[in-house]
Amino acid sequence: MPAPRRIPEVEGRSAIASWLASGGFISRDVVATAVRFGLEELASRAPGQSVEVRVPPFGAVQVIEGSVHRRGTPPAVVEMSADTFLRLVTGQAVWADAVESGVVLASGEGADLGELLPLVEA
């Protein structure tokens with residue numbers, strides 16, 4: 001079962017739209033809201049606990065059905081910057097290219113989020 005949402009959809013989509021319009025030059029609070037909304041959206045579309053998606057320092061979620069992770073480092077981890085995450089969420093970047101270039105660190109079985117992205121239309 002996905003975690004309850006903390007960011008209202010209108011607020012989250014507004015933050016993503018503001019981030020897009022700014023070209024990435026926007027307040028940390030707006031970036032935080034956009035990232036957290038994106039993480040919540042990802043968790044709602046791919047519920048589970050087999051892959052941990054980290055976007056430091058703004059948040060992390062566990063997604064995708066499979067082995068259940070309870071403590072320590074999960075079997076699959078994906079980590080990236082806020083800018084990279086928002087570019088993927090909005091379709092401004094392609095998953096395979098981001099992994100290949102090293103801006104996304106993905107390890108473990110099931111750590112491919114390519115089929116889940118983008119989450120919102122730019």
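**View A. Val-10, at a relative accessibility of 71%, counts as an exposed residue.** Exposed means over 50% relative accessible area, buried means under 20%, and partly exposed lies in between, using a 1.4 Å probe and protein chains only. This is a predicted model, in which local features need pLDDT of at least 70 and side-chain atom pairs count only at pLDDT 80 or more, while totals for chains, interfaces and linings use all residues. Residues are numbered from 1 along each chain as its sequence is written, and side-chain values use heavy atoms, leaving out hydrogens and water. Val-10 sits in helix H1. Helices (H or I, at least four residues) and strands (E, at least two) are DSSP runs, numbered from the N terminus.

View B. The C-alpha trace spans about 40 × 35 × 25 Å along its principal axes. Of the 122 residues, 39% count as buried. Contact means heavy atoms within 4.5 Å. Among contacts with a separation of 6 or more, 55% come from residues 24 or more positions apart.

**View C. Helix H1 (residues 9–22) meets helix H2 (residues 28–45), their axes coming within 8 Å.** Two packed helices are described by the angle between their axes and the distance between the axes. Axes are lines fitted to C-alpha atoms, for helices over the stretch in contact, and angles run from 0 to 180 degrees between N-to-C directions. For H1 and H2 the crossing angle is roughly 120°, and the two helices are therefore oblique to each other. Angles under 35 degrees count as roughly parallel, over 145 as roughly antiparallel, 65 to 115 as roughly perpendicular, and the rest as oblique. H1 passes H2 in a left-handed crossing. Left-handed means that the near helix is turned anticlockwise from the far one by less than a right angle; clockwise would be right-handed. Look for Glu-9, Glu-11, Gly-12, Arg-13, Ala-15, Ile-16, Ser-18 and Trp-19 on H1, and for Val-30, Val-31, Thr-33, Ala-34 and Phe-37 on H2, as these make the contact. They divide into seven nonpolar, three polar and three charged residues. Here Ala, Val, Leu, Ile, Met, Phe, Trp, Tyr, Cys and Pro count as nonpolar, Asp, Glu, Lys and Arg as charged, and the others, Gly among them, as polar.

**View D. Next, H2 meets helix H3 (residues 82–89), with axes that come within 10 Å.** The angle between H2 and H3 is roughly 55°, and these helices are therefore oblique to each other. Their crossing is left-handed. From H2, Val-31, Ala-34, Val-35, Gly-38 and Leu-39 meet Ala-82, Phe-85 and Leu-86 of H3. This contact holds seven nonpolar residues, one polar and no charged.

**View E. H3 is mostly covered, with six of its eight residues buried.** Which residues of H3 are buried? They are Ala-82, Thr-84, Phe-85, Leu-86, Leu-88 and Val-89. The cover over them includes H1, H2, strand S1 (51–55), strand S3 (76–80), helix H4 (95–101) and strand S4 (104–107). After H3 comes Gly-91, which has a positive phi near 80°.

**View F. Ala-76, found in strand S3, has a relative accessible area of 0% and is buried.** Leaving aside neighbours within four places in sequence, Ala-76 is in contact with Ser-50, Val-51, Glu-52, Ser-107, Gly-108, Glu-109 and Ala-111. Its C-alpha atom is 7.5 Å from that of Ala-106, 30 residues apart along the chain.

**View G. Finally, here are some backbone details to look for.** Most residues other than glycine have a negative phi, and most peptide bonds are trans. Ile-64, in the loop between S2 and S3, is not a glycine, yet has a positive phi of about 70°. Pro-56 and Pro-57 are joined by a cis peptide bond with omega about 0°, and Pro-57 lies in the loop between S1 and strand S2 (59–63). A cis bond, with omega near 0°, also runs from Leu-117 to Pro-118; Pro-118 belongs to the segment after S4.
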